[in-house]
Each structure stands twice: as C-alpha cells, then as structure tokens.
Amino acid sequence: MRDYQSLSHTRWDCKYHVVYIPKKRKKKLFGALRRHLGALFHELALHKESTIVEGHVMPDHVHMCIAIPPKYAVSNVVGFI
C-alpha cells in the first residue's frame, strides 16, 4: 500500500508535474546557477509544506514533480516558487 500523508481530517497523495520555462526559452540555466537552483527550489517548497519528489534542470527549462498538501492551492505554491 502507498505511504499516504495525512492532515487532521484527510489522507492524501497529491503530486503534480510542473514545468518552468524562461521567456522565449532562453538557454540561461547552466553552470553555477544550475547547481544553486536545485537547493533553492527545495528550500522554497518547504516554506509551503511541500516536497519536491523529483526534478531535472535543463538548459532552457525545469521539470519538477512536487507533492503539495490539499490545504494549499497548486497555483499559490507554484507562484511562490
């Protein structure tokens, strides 16, 4: 059985696939910035009680599988990050 997480009245397993793309897909995400972004995304997700399950930083976009509790709107968490 899956490892569901729980709040006071719910058990949940909500995961979302999110893709961040810079304007005009400019290839800006490389080198030191690429290494720094991973830690930054994890830290920002923790502020909203979310966890990044898996992520890949490519030169022109970022793929992320993020677990967001149902008490937060997905748009609020993604906008915050």
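I began with His61 and found it buried, at 12% relative accessibility. I note that the model is predicted.

**Surroundings of His61**

I placed His61 in the loop between β4 (51-57) and β5 (62-67). Leaving aside residues up to four places away in sequence, I listed what His61 touches: Val19, Tyr20, Ile21, Pro22, Arg25, Leu29 and His56. I also recorded a polar contact of 3.1 Å between the side chains of His61 and His63.

**Strands**

I then looked up the pairing of β5. Strand β3 (residues 15-20) runs antiparallel to β5, and 6 bridges join them. Within this part, I found that Val19 has His63 in β5 as its bridge partner. I saw that β4 and β5 also run antiparallel and are joined by 6 bridges. Here Ile52 stands opposite Ile66 in β5. A hairpin through 4 residues joins β4 to β5.

**Salt bridges**

How many salt bridges does the structure hold? I counted 3.

I found Lys27 in a salt bridge with Asp60, with the closest N and O atoms 3.4 Å apart. This pair links distant parts of the chain, 33 residues apart: Lys27 lies in the loop between β3 and α1 (32-47), and Asp60 in the loop between β4 and β5. I noted Lys27 as exposed, at 55% relative accessible area, whereas Asp60 is buried, at 11%.

I recorded a salt bridge between the side chains of Glu49 and Lys71 (3.2 Å, N to O). This pair also links distant parts of the chain, with Glu49 in the loop between α1 and β4 and Lys71 in the loop between β5 and α2 (74-80), 22 residues apart.

Lys15 is partly exposed at 45%, and Asp13 is partly exposed at 28%.

Key: Residues are numbered from 1 along each chain as its sequence is written. This is a predicted model: local features need pLDDT of at least 70, side-chain atom pairs count only at pLDDT 80 or more; totals for chains, interfaces and linings use all residues. Side-chain values use heavy atoms; hydrogens and water are left out. Helices (H or I, at least four residues) and strands (E, at least two) are DSSP runs, numbered from the N terminus. Buried means under 20% relative accessible area, exposed over 50%, partly exposed in between (1.4 Å probe, protein chains only). A polar contact is a pair of N or O atoms within 3.5 Å; within protein, one must be able to donate a hydrogen and the other to accept it, and residues adjacent in sequence count only if both atoms are side-chain atoms. Contact means heavy atoms within 4.5 Å. Two strands pair if DSSP finds at least two bridges between them. A salt bridge is a side-chain nitrogen of Lys or Arg within 4 Å of a carboxyl oxygen of Asp or Glu.
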